[in-house]
Amino acid sequence: MLNRRNLLAVSTLGASAALADLKPAIAKDDVNPTHTWWKEAVVYEIYPRSFKDSNGDGIGDLGGIIDKLPYIRDLGIDTIWLAPIFKSPNRDNGYDINDYRAIMPEFGTMADFDTLMSKASKLGIRIILDLVVNHTSDQHPWFQQSRLSRDNPYRDYYIWRKPGHGGAPNNWPSVFGGSAWTFDQATDSGYLHLFSPQQPDLNWDNPAVRDEIFSIMRFWLDKGVSGFRMDAITLISKDPSLPNLTPEQLHAPEYVYAAGPKLHAYLREMNDRVLSHYDAMTVGEAYGIRADEVSLFTDRSRRELDMVFAFDIVHIDRDGWRKIAWPLSKLKKIYAEAGQPKSQDSWNTVFLDNHDQPRAVSRFGNDSAQFREVSAKAISTLLLTQCGTPFLFQGEELGMTNFPFRTLRDFKDAQVASQWKAKVDAGLVAPDVFLENLKSLGRDNARSPMQWDRTKNAGFTTAASPWFPVNPNYTDVNAQSSVSDLNSLYHYIGRLIALRKKLPALIHGSYRDLDPDHVSVFCYARQWNNSTIVVMINMCDRGITYEPPVPQLGSLVTSSNEQPNVGKGITWLQPWEARIYAA
Ligand code: NOJ
Ligand code: CA
C-alpha cells in the first residue's frame, strides 16, 4: 500500500529549539496515558441501504457489506459503524425502529448479521451499531399499545399530553419542521415527537423504558458488537413541565431540548448498569450541545460516554436551512478549542462527512474536475491529523461529491417535505431560494449509492434502478479506478491511516495552531513526548508562497503533492497542497 513516490524521506532536521517552544496548553501525555482501542481506531460509517446490493433488489444489504469487507480492511479501517440495520418501516431510513432485536428484512437476516460479525472479526474489524432510543417507530408494538387507551400499561412509554388552547400542548417545533406534537383522536391527546410524527419520543422518566433499552443494549453487546453510536442521545430527558419556548429559543430549540434535567443521570445509569460491564465504545450524537459542554459527557471521571459528535464544524456553513459563507479562521478556532479541551481526560471525534451531511469535498473542498481530488486530499489530511478518533463516511475515500439535484421531486429524505411545508408553504421562504439551499445542504447528498466501478449503476446493484439514483459522475469517481491508481485519494488516505498507527503524536499528541491568522494555510502541530508533527495545508484554489511559522519543520513524511517544494524557509504550496512533517 505504501507508495514510495509520496512517502518522501527528506533529511531529518531533528527537534529544534523552535519545536521545543511548542509547549502544549495541556500536556495530554502527562495526564492521560490510557491507550484504548477506540482512541487508536479509524472508524468507517456504512449507510447500508446505499453501500452494496448483493441480491439485485436495488437496496444495499448485509451481504453487500460482507462482500466489501476486504476493501474496507485494505484501506486500514479497523472499526465499522453501521447506520441502523433493525426492522423499520423506513420513514427515516431505519431511524424509526419497530423491532430492536430483528434485522431489517431488506438488509438480510440475523444469520447474515452473525456472518458479518465473524468475517469482520477475522479481518480485525470491530462493528459498532446505531442505538436509536430517543424515539421508536410509531409502528413499534409499544407505541401501538400506548395509543390504545390512557390506562394501557404502555401508555407511559411515550409522552402524552392533553391539547392546549391553540391545539398542541406547547409550542415546541420538531427538528424536521412543523409542530413536535401530533394529535391522536383515540385518546384525545397529543404525543411528542422531536423528529417526524412517525418517530414518537420515548419517555425515559419511566424506569420500565430504561430497563427495556438497557436490555436491548445487552442483547447486542452479548452478540459481540463493540459499542454504539447513540442517535439523538442528548435529547432523551425532557423537562416534565414542557415549558413553551421563548421566541429566541425557537430559533435554535435543540439547545433547550438537549438541556433536559436528567440527561446526565440517565447516561450515568446506562454506563453503570450496562456499558461498564463490556469493553465497548460509545459515541453520542451531541445535538444541541455547545463546544464547552462536551467534556461534561466525555470526561472519564463522569462515567457517561467515551466521545461525542459535536456539530460546530458541520454547522459552520449554515444558518438553519440557509447556506452561509465561513472564513478559515472560524474552522481553525473550532479545532483549536476542541484540541485544548477544558477537561484533561476526555476524548474527541473528528468528522466532516456522515449520512446527514452534504459531501465534505463539496463543502470544505472544491468538487470541480480540476480540484476535486487535491482538495479531498487536503481535507482528509485534516481529518486524520486533528485531535480525536476520525470517522470517515462511505465514499469519502473516493472523493464522492454532492448529487446534481434539479427539482424538489429528486429528494427522498422525509425531512425535506416537512421543512418545505414549514418554510415554503407557510410563505416564509421563496421556493427557488429554498431549493437552491437544499441542493447544497440536503442530507440526500450523502445517500446516493456507493460508486464501485464504471459499469451500469456504478456496480452498486444489478437491478434496473437502485432505490436512489447513482451520481452520474461515477464513470470518473469510483472505487475500481481509485484502487488501481496508487496516487489516488483512496491510497493517500490509506497512507495517512498507516501514519497514524506509526506516529503516536497524531493520536495522543497535544494540539497547537501555529498560524491562526493566515487566511488560507492551516498549519498546526501535534506533540507527544519528544516527537512533534507539523501539518501544513493550503486550503484554497490558489498556489501560495508560504513562510512556515517555525523555521525547522522536521522531515517531510507525507505530501499530497508528488513533487513538493521542500527547500528550507519560504516554500511554495500548490492549490490545496497538504504536507506532514515529523521531528
Ligand atoms: C440523527 C440521525 O443521524 C438522522 O439521520 C435521523 O434522522 C435523526 N437522528 C432522527 O433519528
Ligand atoms: Ca439488496
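The structure is a predicted model, in which local features need pLDDT of at least 70 and side-chain atom pairs count only at pLDDT 80 or more, while totals for chains, interfaces and linings use all residues. Residues are numbered from 1 along each chain as its sequence is written, and side-chain values use heavy atoms, with hydrogens and water left out.

**Domains 2 and 3**

The domain assignment, whose bounds come from an automatic or database source, includes domain 2 (40-137 + 206-405 + 443-498) and domain 3 (141-192). The C-alpha centres of these two domains lie 30 Å apart, and 21 residues of domain 2 are in contact with 17 residues of domain 3, where contact means heavy atoms within 4.5 Å. About 1700 Å² is buried between domain 2 and domain 3, with 64% given by carbon and sulfur atoms; buried area is the accessible area (1.4 Å probe) that two parts lose on being put together, summed over both. Of the area that domain 2 buries against domain 3, Glu212, Leu242 and Tyr257 supply 33%, more than any other three residues. Zero salt bridges are counted between domain 2 and domain 3, a salt bridge being a side-chain nitrogen of Lys or Arg within 4 Å of a carboxyl oxygen of Asp or Glu.

**Salt bridges**

A search of the whole structure finds 25 salt bridges, and three of them are listed here.

| Pair | Closest N to O |
|---|---|
| Arg273 and Asp211 | 2.7 Å |
| Glu269 and Arg273 | 2.7 Å |

Arg273 in helix 11 (residues 263-273) and Asp211 in helix 8 are 62 residues apart, and their pair links distant parts of the chain; helices are DSSP runs of H or I with at least four residues, and strands are runs of E with at least two, numbered from the N terminus. Glu269 and Arg273, by contrast, both lie in helix 11, four residues apart, about one turn of the helix. Arg268 is partly exposed at 36% relative accessible area, whereas Glu304 is buried at 2%, given that buried means under 20%, exposed over 50% and partly exposed in between (1.4 Å probe, protein chains only).

**Positive phi angles**

Asp188, a residue other than glycine, has a positive phi near 55° and sits in the loop between strand 7 (181-184) and strand 8 (189-192). Arg303 also has a positive phi, of about 55°, although it is not a glycine, and its place is in the loop between helix 12 (295-298) and strand 11 (307-309).

Technical notes:
Chains lettered and ligands numbered in written order.
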